[in-house]
Amino acid sequence: MSDIRSVGHDLTSPADLDQLVERFGDRKYVLIGDATHGTSEFYRWRSRLTARLIQERDFSFVAVEGDWTNCYEVNRYVKGLPESAETGREVLETFDRWPNWMWANWEVLEFLDWLEVHNQLLEQDDRIGFYGLDVYSLFESLDAVVDYLEDVDPDAAAEARDAYRCFDPYGGDAREYAQALRMVPETCEDEVLETLTRLQEAAPTYDHGQDDYFNAEQNALVAKNAEQYYREMARGNTDSWNVRDRHMVETLERLQRHHGGGSKGIVWAHNTHVGDARATDMEQRGRLNIGQLVRQHEGASEVALIGMGTFRGSVIAADSWDAPMEELTVPPARPGSYEHVFEQASETDQLLLTDELDDETPLREPRGHRAIGVVYHPNRESGNYVPTVLPDRYDAFVSLGETSALHPFSLHADRTHVPDLYPWGL
């Protein structure tokens with residue numbers, strides 16, 4: 001397509017990210033999406049851009065589509081906090097919620113080891129954090145709240161433990177809780193809200209570090225919102241999606257305030273969370289997302305939404321939830337889709353800044369835009385396209401012609417056959 005040929009920029013080396021760094025380096029939030037959670041190049045380009053924003057434009061933290069509890073241990077590692085993990089691989093291998101290969105892989109490890117070294121050059125209070133935005137860790141967060149209170153307020157810990165006994169029948173399994181609600185609609189909503197409120201009210205009396213309290217309060221918030229998420233999911237409500245994305249935005253805003261008024265944050269999440277939902281059919285289905293909400297809360301000029309896509313390649317995914325991961329083939333994108341249009345327009349990977357497009361460009365017409373989940377069936381490609389107006393969905397788009405599968409530790413136990421992943425060579 002002539003519009004891509006005329007305004008697209010070749011993406012062949014890290015230096016080609018200059019335009020994104022210059023254009024978006026002053027934004028309050030830069031959200032970097034991916035079309036799959038199992039594609040090596042998406043992780044690698046995202047890591048390069050993130051590192052440059054940290055080094056050159058003073059971004060303060062990275063917040064990802066991952067559990068708060070696990071990612072907080074990563075945060076402790078990259079900041080070199082006492083009693084943190086010895087190595088990045090050690091902490092990534094503690095991720096036990098499926099699909100743990102999203103994090104326990106060489107691509108993420110390379111970035112975390114870079115960040116840990118970078119942080120050693122900074123004063124402790126200035127070190128860059130790494131946090132999880134997600135809402136799934138109900139029972140892990142319950143335990144973390146009690147552990148914190150045991151140190152600062154044993155009486156409150158006993159009260160929290162009593163309140164949380166509401167969850168005892170479910171054996172530490174959030175899905176068991178959700179399934180039980182389908183049969184007996186007695187929830188633990190009041191218990192998690194009560195514990196969060198008590199923790200917040202008592203905080204001024206505690207002798208504690210601010211980071212420790214922030215972590216405990218966030219875990220109490222995760223528990224409250226996770227209970228709501230699983231409750232809505234049990235009822236079959238589409239609002240469970242909205243509960244999750246609202247929680248991720250609430251967490252992002254809490255992190256920004258925690259790091260100080262002028263701090264800036266980087267988000268890693270799937271395109272379906274990053275790209276503005278109003279530019280897709282999600283809005284018709286009653287769904288919102290992170291990209292939409294931060295644009296509404298902050299104004300579009302304070303936020304950069306960057307999407308990524310691939311025409312063909314391979315990917316790590318599974319054929320059902322909780323199934324073993326596989327390396328699967330990603331077939332050529334459907335004719336007429338955005339991925340197909342980019343492939344037809346250029347033989348090289350492309351970076352598109354959407355505000356450089358003419359108002360009358362055919363790229364403003366709704367087209368399919370491929371989205372591959374952690375559950376993927378290549379033979380059912382027709383269901384993997386989200387109707388999208390791409391220039392309204394993103395501020396920039398990275399189009400990659402051919403991509404390769406992620407390198408999880410469980411498939412690549414050592415660096416044999418694993419390419420240089422960061423910060424050199426694609």
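Trainee: Which backbone atom lies 3.0 Å from a polar atom of the side chain of Ser 314?

Mentor: The backbone nitrogen of Ala 405. A polar contact is a pair of N or O atoms within 3.5 Å; within protein, one must be able to donate a hydrogen and the other to accept it, and residues adjacent in sequence count only if both atoms are side-chain atoms. This is a predicted model, in which local features need pLDDT of at least 70, side-chain atom pairs count only at pLDDT 80 or more, and totals for chains, interfaces and linings use all residues. Residues are numbered from 1 along each chain as its sequence is written, and side-chain values use heavy atoms, without hydrogens and water.

Trainee: Why is Ser 314 called buried?

Mentor: Buried means under 20% relative accessible area, exposed over 50%, partly exposed in between (1.4 Å probe, protein chains only). Ser 314 has 14%, so Ser 314 is buried. Its place is in strand β6 (residues 303-317).

Trainee: What makes Asp 125 exposed?

Mentor: Asp 125 has 76% relative accessibility and therefore counts as exposed. Asp 125 is found in the loop between α6 (106-120) and β4 (129-134), and is one of the residues forming a negative surface patch.

Trainee: How far from Arg 27 is the nearest side chain of opposite charge?

Mentor: That side chain, Asp 395, is 4.5 Å away. A salt bridge is a side-chain nitrogen of Lys or Arg within 4 Å of a carboxyl oxygen of Asp or Glu. Arg 27 is buried and has no salt bridge. The side chain of Arg 27 does reach the backbone oxygen of Ser 301 at 3.1 Å, and one of its polar atoms lies 2.6 Å from the backbone oxygen of Val 303.

Conventions: Patches are made of residues with over 30% relative accessible area and no salt bridge: like charges are joined within 9 Å, nonpolar side chains (Val, Leu, Ile, Met, Phe, Trp, Tyr) within 5 Å. Accessible areas come from the Shrake-Rupley method with a 1.4 Å probe; for residues, only the protein chains shown count as cover. Lys and Arg count as positive and Asp and Glu as negative; His and the chain ends are not counted. The place of a charge is taken as NZ of Lys, CZ of Arg, CG of Asp or CD of Glu. Helices (H or I, at least four residues) and strands (E, at least two) are DSSP runs, numbered from the N terminus.
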